[in-house]
Amino acid sequence: MAGPFSKILIANRGEIAVRIIRACREMGIASVAVHSEADAGAMHVRMADEAALIGPAPASESYLSIVKIIEAARLSGADAVHPGYGFLSENAAFAEAVREAGLVFIGPSPAAMRAMGDKAAARQAMGAAGVPIVPGYHGLPGTSPSDEELCEVAPRIGYPLLVKATAGGGGRGMRVVSESGALTEALAAARREAIHAFGDGTLFLERYIPRARHVEIQVLGDNHGNLVHLFERECSVQRRHQKIIEESPSPFLDDELRALMSRTAVKAARAARYTNAGTVEFIVDPVTRSFYFLEMNTRLQVEHPVTELVTGLDLVRWQIRVAAGEPLPFGQEDIRARGHAIECRLYAEDPSRGFLPAGGSLLRFVPPAGPGLRVDAGFAEGDSVGLHYDPLLAKIICLAEDRPAAIARMRQALRRMAVLGVVTNWEFLRRLVDEPDFEEGKVHTTWIEERLAGQEHEEGNPPREFLAAAALALHEGRDRLSGTGSPRASDGSAIGDVSASHHSTRDHFSPWAASDAFHSGRKG
């Protein structure tokens with residue numbers, strides 16, 4: 001059946017571009033990939049129906065160029081643009097430019113993006129709407145508090161506190177300050193980082209909650225006044241404010257707190273007049289069990305597969321249908337969460353060198369397969385992994401009937417996969433899910449720093465299966481990687497060709513593939 005659009009341009013790259021292309025294919029919609037010179041042979045380019053070169057490797061000259069992306073959409077004849085996550089996904093000016101070009105932006109309104117994009121303004125708006133916020137100081141609306149002003153009010157907030165960039169994200173422009181003597185230096189460092197990352201050095205202060213839990217609520221709204229939540233994801237396993245492992249349901253919440261937080265997230269989204277898919281993030285005090293608004297991400301989250309598995313709803317498909325003007329055919333009472341899902345992010349980075357990004361050629365990349373497993377990947381065996389962009393290679397997601405079974409399934413999945421040729425955090429992920437604290441749900445946002453301090457620098461010996469795979473890669477790698485075309489699988493098919501190659505992620509993609517035991521069919 002034909003989809004609500006004839007052609008969608010995906011203004012992104014990597015695994016999220018691949019994810020959206022797959023959804024388009026299932027819906028009968030043609031896909032257009034954009035790519036930089038560095039990504040000319042990338043998996044998302046190979047998979048799309050069409051591809052457009054938009055500039056050299058630097059993101060500022062390609063994936064962040066509104067003019068080039070709009071021109072590519074116009075020339076391709078696309079009638080909608082999906083921004084994915086990262087890059088321009090939360091840029092209100094980009095959403096406006098898409099609309100001004102006569103195209104549909106698959107996401108929220110520019111007004112909602114602006115309302116939630118400035119963290120200080122979002123705090124004020126949520127406080128006015130009755131959503132609990134962490135005590136802090138952000139100055140008068142539309143102003144940028146000076147360092148002197150922030151130093152003056154800091155004692156009233158109390159230490160420890162957080163210095164945060166109003167335009168921040170991913171932990172950039174953020175510093176934890178334990179005592180007054182360190183505040184001036186932290187402000188200067190956070191402001192420099194914020195200007196470099198976001199072009200905006202505006203800062204605000206927020207009380208720091210030690211060993212907090214990070215819990216977020218997925219929301220989905222249409223253009224007809226319908227707005228629902230799709231339950232929570234816990235994202236407390238982080239390093240330097242970057243999420244590594246996500247799961248649903250949260251092992252920390254009880255039914256009463258879960259219901260209250262979910263209702264509050266819907267209240268927050270309504271206050272922002274939000275439509276399409278979005279996420280309301282909260283910090284939860286582990287002692288008082290009080291929760292506070294952290295921010296709202298006005299886009300699809302990296303960890304959206306966790307929600308898809310427990311609810312059986314395809315979030316990308318619903319993003320597209322909502323953007324086309326379709327109403328949600330289900331209400332809150334129709335949505336059920338079943339089973340337990342866990343996601344681990346596989347990064348091309350070196351834990352032994354402070355998680356520095358790593359590059360190279362994927363000599364061997366064999367994702368795990370089996371019941372209850374899904375892999376969303378942006379690379380295939382034989383691909384080159386560069387250093388220009390986010391180092392996320394793939395997401396390994398599993399679903400089982402309960403949390404112990406899901407942990408056991410994830411442990412086996414990580415043991416059964418193989419990645420060679422590029423340094424990754426694979427062994428680090430294995431160590432995390434094997435930790436007794438993780439198994440018992442005793443994690444928090446600084447758990448890695450406190451519990452595993454220094455362990456990321458341990459080198460360890462490679463597992464025997466890695467040595468065997470390495471020997472095989474050395475034997476086959478030269479012939480397989482020396483050709484000018486796409487790398488070939490053992491059956492002669494092009495690796496990354498979803499119609500033939502076992503190295504593609506097609507068999508592990510569908511949100512329902514891992515949840516057939518829990519869901520009898522697709523809603524809507």
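## Cysteines

A disulfide is a pair of cysteine sulfur atoms within 2.5 Å. In this predicted model, a search of the whole structure turns up 0 disulfides. Take Cys398. The closest cysteine sulfur to its own is that of Cys344, 7.6 Å away, so the two are too far apart for a bond.

Is Cys398 buried or exposed? Cys398 is buried, at 0% relative accessibility. Cys235 is also buried, with a relative accessible area of 0%.

## The eight-stranded sheet

An open sheet of 8 strands runs in the order E14-E13-E10-E11-E12-E15-E22-E20. The pairing is antiparallel. Which strands stand at the edges? They are E14 (291-297) and E20 (373-377). Each has a single partner strand, so one side of each is left without a neighbour in the sheet. From one strand to the next, the twist averages 25°.

Within this sheet, E10 (residues 213-221) pairs with E11 (residues 227-239). The two run in the antiparallel sense and share 6 bridges. Gly221 has Leu227 of E11 as its bridge partner.

## Strands E6 and E9

Strand E9 covers residues 203-207 and is mostly covered: 4 of its 5 residues are buried. E9 is joined to strand E6 (residues 136-137) by 2 bridges. These two strands run antiparallel.

## Helix H7 and its two faces

Helix H7 spans residues 147-157. Its buried residues are Leu150, Val153, Ala154 and Ile157. Seen down the axis of H7, the buried residues fall within an arc of 135°, so they line one face of the helix. The spacing follows a general rule. An α-helix has 3.6 residues a turn, so residues three or four places apart point the same way.

Which exposed residues does the face turned away from the buried side carry? In H7 they are Glu148, Glu152, Pro155 and Arg156.

Gly158 follows H7 and has a positive phi, near 100°. Next comes a cis peptide bond, from Tyr159 to Pro160, with omega near 0°. Pro160 lies in the loop between H7 and strand E7 (161-169).

Where is Pro249 placed? Pro249 is in the loop that links strand E12 (242-248) and helix H9 (255-271).

## Two arginines with positive phi

Most residues other than glycine have a negative phi. Arg273 is not a glycine, yet its phi is positive, about 50°. Its place is in the loop between H9 and strand E13 (276-284). Arg273 counts as exposed, at 72% relative accessibility.

Arg289 also has a positive phi, about 65°, although it is not a glycine. Arg289 sits in the loop between E13 and E14. How is Arg289 classed by its relative accessible area? Arg289 is partly exposed, at 31%.

Technical notes. Residues numbered from 1 in each chain as written. Predicted model: local features only at pLDDT ≥ 70, side-chain atom pairs only at ≥ 80, totals over all residues. Heavy atoms only, no water. Buried < 20%, exposed > 50% of the residue type's maximum accessible area, 1.4 Å probe, protein only. Pairing = 2+ DSSP bridges. Arc of directions from axis to C-beta. Axes fitted to C-alpha atoms, helices over the stretch in contact; angles between N-to-C directions.
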